[in-house]
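This briefing reviews the contacts between two chains and a selection of local features. Please consult the sequence and structure shown below while reading.

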Amino acid sequence: MAKHKTPMLDELEKGRWPSFVSDIKQEAENRGKTSVELHAPKEACDDLLGLLELTYKDKVVHWKHGGIVGVFGYGGGVIGRYCDQPDQFPGVRDFHTMRVNQPSSKFYSTEFLRQLCDLWERRGSGLTNMHGSTGDIILLGTTTPQLEEIFWELTHDLNQDLGGSGSNLRTPSDCIGMARCEYACYDTMALCYDLTMEYQDELHRPAFPYKFKFKFDGCPNGCVASIARADMSVIGTWRDDIRIDQGAVREYVGGEFKPNAGAHSGRDWGTFDIQKEVIGLCPTQCMEWDGKKLKIDNKECTRCMHCINVMPRALRIGQDTGASILFGAKAPILEGAQMSTLTVPFMKIEEPYDELKDLIEKVWDFWSEEGKNRERLGEMIQRVGFQKFLEVLEIEPDPRMIQEPRSNPYIFWKEEDVPGGWDRDIKEFRKKHQR
Amino acid sequence: MGYDPKDPLKDRITDIGPRNYEEFLPPVIKENYGKWLYHDILEPGVLMHVSETGAKVYTVRVGGCRLMSVTHIREICEIADKHCGGYLRFTTRNNIEFMVDDESKLKPLMEDLEKREFAGGSKKFPRGGTGAGLTNVVHTQGWIHCHTPAIDASGVVKCVMDELYDDFQNMRFPAQVRISLACCLNMCGAVHCSDIAILGIHRKPPMLDHEHLDNMCEIPLAIAACPTGAIKPATVDGKKTVAVKNERCMFCGNCYTMCPSMPLADEEGSGVALLVGGKISNRISEPKFSKVVVPFLPNEPPRWDSTVEAIKKILYAYVEDANKYERLGDWAERIGWERFFEKTGLPFTEHLIDDYRFAYTTWRQSTQFKF
């Protein structure tokens, strides 16, 4: 028997899409009858449903602002959460979140997931997010005395650490990369893991002006959205030619292979038309098809991926692969949304990644020095100017970094740019020019 | 021995990082790492990746709720143990992927997933989310666990996906459509580059809890937090506090993040804005931001009817009209925004004309428009 009546939430059990309400109810029921010794409130799930039902009635959230809790020695990884109706819903009086650093590309063994489930059933609410928006495994809802216990078990028994929260390096995340994608231009999983391990201190102890996110996309398709949400976006690319299997191209044209890996099979779009669907849609118009052979003027290609996506059996990314590095993406708070700006057009991405680490550390040094409290890197670059950013990183300006050159001629020349400097003598000037 | 509260530093282990991903790769993935040649979508939700070694991996993708219980995860593990040698993965968009190394294992896995339902009747593992269709909605915490939300997240997503369920399981769109939800302007989910973004917004300036403000907040931080300079120091009844110039407030909620004594969520004031036409991929056109096309819809628990209705209007106008491979934003730009509002039937109001910084770049400086 449910502890609270939830007529509004019950409406969310209807329909075909998986119901999180049904899932919480099933967990509430299991908690009610489990023989496991629970260290967090038995009624956590029941009371969470009750609290959410009240929120559905009031239309204003019932969680209090913040709460400073954590594990010893860490500044991040735990987010305090308290309910504003503790007497009515004691099971969620305190309901803190723990962010657990997910493995690269979110592959799991069931053995590990079960260990995590056992831990969270005993010491938490039994509810999780798989996964949070930054990528972490989110363990949702526990009490303050459990935090150290959970951390102990995570590290000692599960060989697993917490992720980041607060003004630190947030838990890095990556696309599936070479594990199961033919487009990966570098090993996103290996890089994500390596940098996560290298920067453990930055991840756990907030020392930055604000959050800092790395995200790793293996190709310009951008499956982890690094260009929109990472302070440093590493996006795989290549410098040489797209590899072409002319026979396979002809098979696409002949209809033996479905275009776009069969992605459009839910509707009759007519027979595949390489002229219209590939050549005509190429943003740089660098391709030609004479009925037998596909030609690509690779020098003009901007590697948008469209032709490769349409004909994955015929076209492959080049072999001189690496990544473009972009900086400064963020959501709107505070100064409006920004996408990452192309800063390093190409870098080889190979272990031990010294060149990339050197770049990262230069960026952090500069931002730590210059950044204001709660100023994201992208906002700081706007404030100080992109030129300054390049200067600090010791990177030469390049037309690849801009959409178009400036249209205003208000150039901030530096004194050293101008022969003779800025100091002039007005008396000398007056000798030739009367007042 | 476990944790000892009397000696908290004893045997403490820190900074060990996440588990190495290599422990979690299914054998077929491990053996063919970096060797994949191409892939095919065999049917909605089913992928086949082919390696240069000749090996194949078949993936069944099912939609998941981001919020899930340990009971549910154990069920996922049971399926993975039975069919997939004890491995699985999650995607960035909250899908679950079950992988098998032989085609013969595919059908039993799919049948097993198909028949599992929650007690309330909803499907536990809907198959789909691939190709030119709708994938799972990524979202934030909403009312279930966040302290600044303007709207719920899981509930809204449930209602939207119930209504668009068939399009999750089909691939009849011109291109993929990514719907995302962020429950406030902080955008933990970074929805600002989505084909359709559901965004929680506030419309009332913060309330001021003068009595407690000085104890709860760093006043200079609260003042500095305001992007429009609407907050200034004040004294009320002899207490140090702040004053807010209401007409300068754009309801970002940043002050509340810095100062708990400035709450702004409200039953009537908070609700949903819809943005469209953003994308992340560099494919054909460059990545672009989403644009606001519905400035406000009320919070309507439990089924969020107006939000679901507006999304359907946008989505199906696009599906009807766009060219093959054309993303929603590319379609809107090609037909022009005047046609976009005509075809979707959404009202155009003054709230859709930008009046924040850099607004000028979004106004029309030409006579090239459509009647």
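How many residues of chain A are in contact with chain B, and how many residues of chain B take part? In this predicted model, 133 residues of chain A are in contact with 136 residues of chain B. The area buried between chain A and chain B is about 12300 Å², and carbon and sulfur atoms give 59% of it.

**The interface of chain A and chain B**

- Three residues, R16(A), W17(A) and R180(A), supply 8% of the area that chain A buries against chain B, which is more than any other three residues give.
- The interface of chain A and chain B holds 75 residue pairs in polar contact, counted where both residues have pLDDT 80 or more.
- On the side of chain A that touches chain B, helix α4 (residues 110–123) of chain A gives the most, with nine residues.
- By class, that side of chain A has 61 nonpolar, 42 polar and 30 charged residues.
- The rule finds 10 salt bridges across the interface of chain A and chain B.
- R74(B) forms a salt bridge with D118(A), with the closest N and O atoms 2.8 Å apart.

**Strand pairing between the chains**

- Strand β4 (residues 127–130) of chain A pairs with strand β4 (residues 67–69) of chain B in the antiparallel sense, over three bridges.
- Within this pairing, T128(A) has M68(B) in β4(B) as its bridge partner.

- Q160(A) is located in the loop between α5 (146–156) and β6 (173–174) of chain A.
- Is Q160(A) buried or exposed? Q160(A) counts as buried because its relative accessibility is 0%.
- The side chain of Q160(A) reaches the backbone oxygen of N101(A) at 2.6 Å, and it also reaches the backbone nitrogen of R19(B) at 3.3 Å.
- Not counting residues up to four places away in sequence, Q160(A) touches V100(A), N101(A), F112(A), L154(A) and T155(A) in chain A, together with I16(B), G17(B), P18(B) and R19(B) in chain B.

- Y353(A) lies in the loop between β14 (341–347) and α12 (354–370) of chain A.
- Y353(A) has a relative accessible area of 6%, so this residue is buried.
- Which residues does Y353(A) contact, leaving aside neighbours within four places in sequence? The contacts of Y353(A) are A190(A), L191(A) and D194(A).
- Y353(A) and D194(A) are 159 residues apart along the chain, and their C-alpha atoms are separated by 8.7 Å.

**A hairpin in chain B**

- In chain B, strand β1 (residues 36–43) and strand β2 (residues 46–51) pair in the antiparallel sense over six bridges.
- I41(B) stands opposite L47(B) in β2(B).
- The hairpin of β1(B) and β2(B) has two residues between the strands, and G45(B) takes a positive phi near 85° there.

**Salt bridges within the chains**

- Side chains of opposite charge can pair when their charged atoms come close.
- Over all chains, the count by this rule comes to 62 salt bridges.
- One of the pairs joins K3(A) and E43(A), whose side chains meet at 3.0 Å, N to O.
- This pair links distant parts of the chain, 40 residues apart: K3(A) is in the segment before α1 (7–11) of chain A, and E43(A) is in the loop between α2 (20–33) and α3 (44–58) of chain A.
- K3(A) is partly exposed, with a relative accessible area of 35%, and E43(A) counts as partly exposed at 37% relative accessibility.
- A salt bridge also forms between the side chains of K362(A) and E394(A), at 3.0 Å from N to O.
- Because K362(A) lies in helix α12 of chain A and E394(A) in the loop between α14 (386–393) and α15 (426–432) of chain A, the pair ties together parts that are 32 residues apart in sequence.
- K362(A) is partly exposed, with a relative accessible area of 23%, whereas E394(A) is exposed, with a relative accessible area of 65%.
- In chain B, the side chains of D112(B) and R116(B) meet in a salt bridge at 2.7 Å, N to O, and both D112(B) and R116(B) are buried.
- D112(B) and R116(B) belong to a network of salt bridges that also links E75(B), E78(B), K82(B), K115(B) and K124(B).

How values were computed
Residues are numbered from 1 along each chain as its sequence is written. Chains are lettered from A and ligands numbered from 1 in the order in which they are written. This is a predicted model: local features need pLDDT of at least 70, side-chain atom pairs count only at pLDDT 80 or more; totals for chains, interfaces and linings use all residues. Side-chain values use heavy atoms; hydrogens and water are left out. Contact means heavy atoms within 4.5 Å. Buried area is the accessible area (1.4 Å probe) that two parts lose on being put together, summed over both. A salt bridge is a side-chain nitrogen of Lys or Arg within 4 Å of a carboxyl oxygen of Asp or Glu. A polar contact is a pair of N or O atoms within 3.5 Å; within protein, one must be able to donate a hydrogen and the other to accept it, and residues adjacent in sequence count only if both atoms are side-chain atoms. Helices (H or I, at least four residues) and strands (E, at least two) are DSSP runs, numbered from the N terminus. Ala, Val, Leu, Ile, Met, Phe, Trp, Tyr, Cys and Pro count as nonpolar, Asp, Glu, Lys and Arg as charged, and the others, Gly among them, as polar. Two strands pair if DSSP finds at least two bridges between them. Buried means under 20% relative accessible area, exposed over 50%, partly exposed in between (1.4 Å probe, protein chains only).
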